[in-house]
Amino acid sequence: MAIQHAVLALLARGPSYGYELKGAFEAATGPQWGPLNIGHLYQILDRLSRDSLVVAERQAQPVKPDRVVYEITPAGRAELARWLAEPSPRSGGFRDDFFLKVTAAARSGSAQTVRTVLSNQRGHLLRELRNLDGLRRKAVDPVVGLLLAAASRHVEADLAFVNDAEAVLLADGGALLGTLAVAPSEIAVSDAEAPSPSAEGGTGPARAAG
């Protein structure tokens, strides 16, 4: 879990408490990540405590309510080192809402539907790219600037996919789309009627018995 390990990394620099960790996380990751929900942060800290990766100490304050300060344990440092040493796969794999939207638009057989879907997504991505570029120019922290640049590259890759989809699905005026607009029942029947390898002259039981 990325945020859990980011919290361990912050605590590796020294003990801290909830709102201080929230501010440190947001400053470290920059605006492209967005604000960290304090309730979610406390759930993470509770989990880290249960797993003995951090220890919590309640500290009295003269005016304000008691403050709970968290400190990383040796087990927490070992877990942080393990996480840092491993590569990071895509958290969501390649299951993407827009991929499904392109699939649905293509299977509709309508060139206009495909154009609308791709055009809307392109406009959205270009706005995201302009916003990220503006944030990157304002960034003072070099790591935040680097993270914003990485976010921009992800958006550019998504734009490249939009261009690829347009080139494949609309290059022939939409003729390809007609071949894709097949009803699920037709696909099921086609699969069910497909001959098995043994029926096509293989060495399976049907062939051997003849």
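A polar contact is a pair of N or O atoms within 3.5 Å. In this predicted model, such a contact is found at the start of α7, where a side-chain oxygen of Asp141 comes to within 2.8 Å of the backbone nitrogen of Val143.

**Overall layout**

The chain contains 10 helices and three strands. Their order along the sequence is α-β-α-α-β-β-α-α-α-α-α-α-α. The chain has 210 residues, and 28% of them count as buried. Among contacts in the chain with a separation of 6 or more, 55% are between residues 24 or more positions apart.

**Helix α3**

Helix α3 covers residues 38–50. The N-terminal end of α3 is capped by Asn37, with a side-chain oxygen 2.9 Å from the backbone nitrogen of Gly39. After α3 comes Ser52, with a positive phi near 60°.

The end C-alpha atoms of α3 lie 18 Å apart, in agreement with the 18 Å that its 13 residues should span at 1.5 Å a residue. The buried residues of α3 are Ile38, Leu41, Ile44, Leu45 and Leu48. Viewed down the axis of α3, these buried residues fall within an arc of 115°, so they line one face of the helix. The elements that cover them include α1 (2–11), α2 (18–29), β2 (54–59) and β3 (67–72).

**Helix α7**

Helix α7 has 29 residues, and the distance from its first C-alpha to its last is 42 Å, close to the 42 Å expected at 1.5 Å a residue. Buried residues of α7 include Val144, Gly145, Ala149, Val155, Leu159 and Val162. Leu148 and Ser152 also belong to the buried residues of α7. The cover over the buried residues of α7 includes α2, α5, α6 and α8 (175–180).

| Residue | Relative accessible area | Contacts beyond four places in sequence |
|---|---|---|
| Leu148 | 0% | Pro31, Gln32, Leu132, Leu135, Arg136, Ala139 |
| Ser152 | 2% | Leu129, Leu132, Asp133, Arg136 |

Ser152 counts as buried because its relative accessible area of 2% is under the 20% cut-off. The same cut-off of 20% makes Leu148 buried, with a relative accessible area of 0%. Leu132 and Arg136 are among the contacts of Leu148, and Leu132 and Arg136 are also among those of Ser152. Leu148 is also in contact with Pro31 and Gln32. The C-alpha atom of Leu148 is separated by 9.1 Å from that of Thr29, a residue 119 positions away along the chain.

**The largest pocket**

The largest pocket has a volume of about 1100 Å³. Its lining consists of 29 residues, and those nearest the centre of the pocket are Gln32, Trp33, Ala150, Ala151 and His154. Gln32, one of these residues, is also in contact with Leu148. Ala151, another of them, is among the buried residues of α7.

Which helix supplies the largest share of the lining of the largest pocket? That helix is α7, which contributes eight residues. Helices α1, α2, α5 (97–108), α6 (111–138) and α7 (142–170) each supply at least two residues of the lining. Of these, α2, α5 and α6 are also among the elements covering the buried residues of α7.

Key:
Residues are numbered from 1 along each chain as its sequence is written. This is a predicted model: local features need pLDDT of at least 70, side-chain atom pairs count only at pLDDT 80 or more; totals for chains, interfaces and linings use all residues. Side-chain values use heavy atoms; hydrogens and water are left out. Helices (H or I, at least four residues) and strands (E, at least two) are DSSP runs, numbered from the N terminus. The expected span of a helix is 1.5 Å times one less than its number of residues. Buried means under 20% relative accessible area, exposed over 50%, partly exposed in between (1.4 Å probe, protein chains only). The arc is that of the directions from the helix axis to the C-beta atoms. Contact means heavy atoms within 4.5 Å. A polar contact is a pair of N or O atoms within 3.5 Å; within protein, one must be able to donate a hydrogen and the other to accept it, and residues adjacent in sequence count only if both atoms are side-chain atoms. On a 1 Å grid over the protein atoms alone, a cavity is a set of points where a 1.4 Å probe fits but cannot get out, and a pocket is an open set with protein on both sides within 12 Å along at least five of seven lines; lining residues have an atom within 4 Å of a point. Grid points are joined across faces, edges and corners, and a volume is the space filled by probe spheres set on the points.
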